Amino acid sequence: MNEVRYDLRLPTTSELAELTRLYASTFGEQAATQWRARWEWQFARGPAADRSDYCVASLNGAAVGQYALMPVTLWWSDREARAAFGTDAFLAPTVRGRGAGKQLYDTANHAGFDVCLGAGITIDSLRVLQRLEWTDMKTIPMLARRTSWRRHLSLAGLRQLVSRSRTKPGARDVDVHIAKTSTIGTEFDELWRACRSGFALCVRRDAAYLRWRYQDVPGKAHTVWEARRGARLVGFAISCLEPPGVVRVGVIDDVFTEHTDDRARDALLAAVLQDFRSRADLVIAGALHDGLRASLKRNGFTNWRPEYRLFVKVHSVNKRPLESVGRWHITLGDGDLDVPR
Ligand SMILES: CC(C)(COP(=O)(O)OP(=O)(O)OC[C@H]1O[C@@H](n2cnc3c(N)ncnc32)[C@H](O)[C@@H]1OP(=O)(O)O)[C@@H](O)C(=O)NCCC(=O)NCCS
């Protein structure tokens, strides 16, 4: 028997050890170490996780590849749908290039999901997704803003400073109060329920999801910001610092409010930027939603590369959201775009 098998289940301990070795030879040792450190969190402990949301490819009883799915509950059009971000697909070089990739992706994507998403994919993956007729949503726009000009005093930097000083900040709402918090409680569930229908697509951002995604993730320390009008929670933002490098990078993982609430969005962004002023040289954000992108631009952000490519496969729900991608709330906190690699 010399045929690759595709099983929808989590890998066994010995398969996971073999897959980690394959991961290292495909993506590098450091990436594999980080992947292994977050594996249980990412694939076995999420609030929407199910033991069959994973496709193991094997040949003659040995693991030769995988396609891992990060299940999420997705607001899609006018209802919640079962969805997953496809991630970490690879096959041993000996079985590549003869259709096994297509089979692997196809098996995984028929694991009962209404919608599958692929973000930040490689060229190999792109070819498979094109062959399987996923819809190409182009890219998740990336935006950036410099915070400390002293470390980057160049002509380009000066130009950016001048353009930034001309940027008109959004009108500040004195009634919106921003604070850091370490408590993600039931108010976040209420906020999610109140805001979700304003989006055509948005991963369910309730308390259980947010705690798992930002407080339980290994190897990252996120700051949670809340926006309140009076006692009422009207939005939140999530930020974190990348590991120290030549340039200190601050990441805005999410800014979530009612889709029309520019003032709360602007106030959250202003607070996060103020916090990064002495700790980061560059602040980056990804924003597919038109409202969030406009807010970032009002706060001095400009377009930045690279952008993450985004593909989607709709299985068993209506396709209306494909027509209104400007109403999709996808940020760097979605999928595993911001996890250490
Ligand atoms: C991604 C991956 C799993 C795909 O598996 P695969 O076995 O190579 O894919 P398939 O053989 O099913 O190929 C699917 C299609 O893409 C084409 N294709 C695959 N690799 C290609 C390449 N390097 N150049 C041109 N076309 C290619 C195949 O010809 C096939 O098209 P066809 O149906 O017209 O024949 C595998 O290439 C891999 O492990 N790559 C390295 C890791 C990686 O980049 N993972 C993706 C992370 S997002």
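Which domains is the protein divided into? Select 5-133 and you have domain 1; then pick 140-308 together with 325-329, and that is domain 2. Give each its own colour, and keep in mind that this is a predicted model. Taken over C-alpha atoms, the centres of domain 1 and domain 2 are 29 Å apart.

Next stop: where the domains meet. Here, 17 residues of domain 1 are in contact with 17 residues of domain 2. Stay on the domain 1 side and highlight α2 (29-44) and β3 (62-76), the elements that give two or more residues to the side touching domain 2. β3 gives the largest share of that side, with five residues.

Now over to the ligand. How many residues surround the ligand? There are 18, and the closest ones to click on are Gly-101, Lys-102, Thr-122, Asp-124 and Arg-127.

To see where the shell comes from, select β4 (79-91), α3 (100-109) and α4 (123-131): each supplies at least two of the residues around the ligand. Which of the elements has the largest share of the shell? That's α4, with five residues.

Last, colour the ligand's shell by class.

Methods
Residues are numbered from 1 along each chain as its sequence is written. This is a predicted model: local features need pLDDT of at least 70, side-chain atom pairs count only at pLDDT 80 or more; totals for chains, interfaces and linings use all residues. A residue is near a molecule or strand if its C-beta atom, placed from the backbone, lies within 6 Å of it. Helices (H or I, at least four residues) and strands (E, at least two) are DSSP runs, numbered from the N terminus. Domain bounds come from an automatic or database domain assignment. Two residues are in contact if their C-beta atoms, placed from the backbone, lie within 7 Å.
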